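Me: I would like to go through this model term by term, with each label set against its definition. Please give the cut-offs as they come up.

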Amino acid sequence: MDIAGLLPVLIILILNTFIAFIVFIVALFQKKGQHSTLLMLAWFIFIVPLCGLLYILIGHFISFLNRKKNVDMSDVSFSQDREKLILPPDQETEMNYVPIQDAMAVSDTGSLRRLLLNTLRNNAKKTVSSIAVAMNSRDTETSHYAASIILDALSECRSTAQNMIDQMQKHPEDVEMNLLTLEYVHEILSMKIMNEIEQKTYIYIMDDVAENLFTNNLWYMTATHYLWMTDLFISIQDNNMADKWVTRAGMYRPYMLDTYKAHLHLYFEQKNKTAFFDCLDELREADITVDEEIMGLFRLYEGKA
């Protein structure tokens, strides 16, 4: 039997298995974030001889070439000014709507109260968000007409927000009321339909609402709430207040994606490149599922620390 032609194949298989074994050994001594990645690479190299290794090497070579490009941090923005005001349907909430008369026949007072509050806040929110789209019309008369209507709708939002805040102040330890108020004020601010002065005023009003939640029901504050407060204060360039919420996020919601994002946004605003890249590297090594924004930062700043 002629095995001369099999010799190169055997050599490739032996070398491929050896390289896969080396990668596997290296993976055992890596941090948790890199451990699983290298294990998958070792398995991939083993089951796809030669081609798998070439694929990985070519990928790293292309990545190396991309890292040579200069990256300007001014090209990156965390601003949400371009965010559309068309809101997606809240299916989970809306599927639970029932006639108020039917809800009153049920003894679950908590559900009844939530139904009333959701109905109140959603009606105002949908009115404003729907009409705000018409303000961008090319027809001058249409946009002016929409602007005049939105003033009335915005007045309804203010009234709703004030009513919710008054109820929260009467019952500061009512966590459900506090959370609904915080979410509603944030929704109004996210629409960016107020003038600059009023927008700034409502950010500080939301700070009072968040402070009440922090004081009375600390563990109901999520990393997302801390991120909201950080981004809002960054938007009005009050970095001291943003730093207050970032610090709290690090203390009470560490190792969570939105906590890392709050830190990254503030470091970027402060132009603190060292802290920004250190935080980005820490997030890259952490065992946390990231979103599209962070994946974009990983690709953009790979190897730039």
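Me: How many helices and strands are there in the protein?

Reply: There are 14 helices and zero strands. Helices (H or I, at least four residues) and strands (E, at least two) are DSSP runs, numbered from the N terminus. This is a predicted model, in which local features need pLDDT of at least 70 and side-chain atom pairs count only at pLDDT 80 or more, while totals for chains, interfaces and linings use all residues. Residues are numbered from 1 along each chain as its sequence is written, and side-chain values use heavy atoms, with hydrogens and water left out.

Me: What share of the residues of the protein count as buried?

Reply: Of the 305 residues, 36% do. Buried means under 20% relative accessible area, exposed over 50%, and partly exposed in between (1.4 Å probe, protein chains only). The accessible surface of the protein comes to about 19,100 Å², and 59% of that surface belongs to carbon and sulfur atoms. These areas come from the Shrake-Rupley method with a 1.4 Å probe.

Me: Why is Glu 176 called buried?

Reply: Its relative accessibility is 17%, and the limit is under 20%, so Glu 176 counts as buried. Glu 176 belongs to helix 8. At the start of that helix, a side-chain oxygen of Asp 174 comes to within 3.2 Å of the backbone nitrogen of Glu 176. The cut-off for a polar contact is a pair of N or O atoms within 3.5 Å; within protein, one must be able to donate a hydrogen and the other to accept it, and residues adjacent in sequence count only if both atoms are side-chain atoms.

Me: What makes helix 8 largely enclosed by the rest of the structure?

Reply: Of its 17 residues, 14 are buried, so helix 8 is largely enclosed.

Me: Which residues have the most contacts inside the largest nonpolar core?

Reply: They are Leu 189, Met 206, Met 221, Tyr 226, Phe 233 and Trp 245, in a core of 39 residues. Helix 8 supplies the largest share of this core, nine residues. A nonpolar core is a set of buried Ala, Val, Leu, Ile, Met, Phe, Trp, Tyr and Cys residues joined through side-chain atoms within 4.5 Å. Beyond four places in sequence, Leu 189 touches Gln 199, Tyr 202, Ile 203, Met 206 and Leu 232. Contact means heavy atoms within 4.5 Å.

Me: Why are the buried residues of helix 11 placed on the same side?

Reply: Met 241, Ala 242, Trp 245, Val 246, Arg 248 and Ala 249 are buried in helix 11. They cover an arc of only 160 degrees around the axis, which puts them on the same side of helix 11. The arc is that of the directions from the helix axis to the C-beta atoms. The face turned away from the buried side carries the exposed residues Asn 240 and Met 251.

Me: Why does Arg 248 count as buried?

Reply: Arg 248 has 15% relative accessibility, so it counts as buried. Leaving aside neighbours within four places in sequence, Arg 248 is in contact with Glu 211, Phe 214, Tyr 226 and Arg 253.
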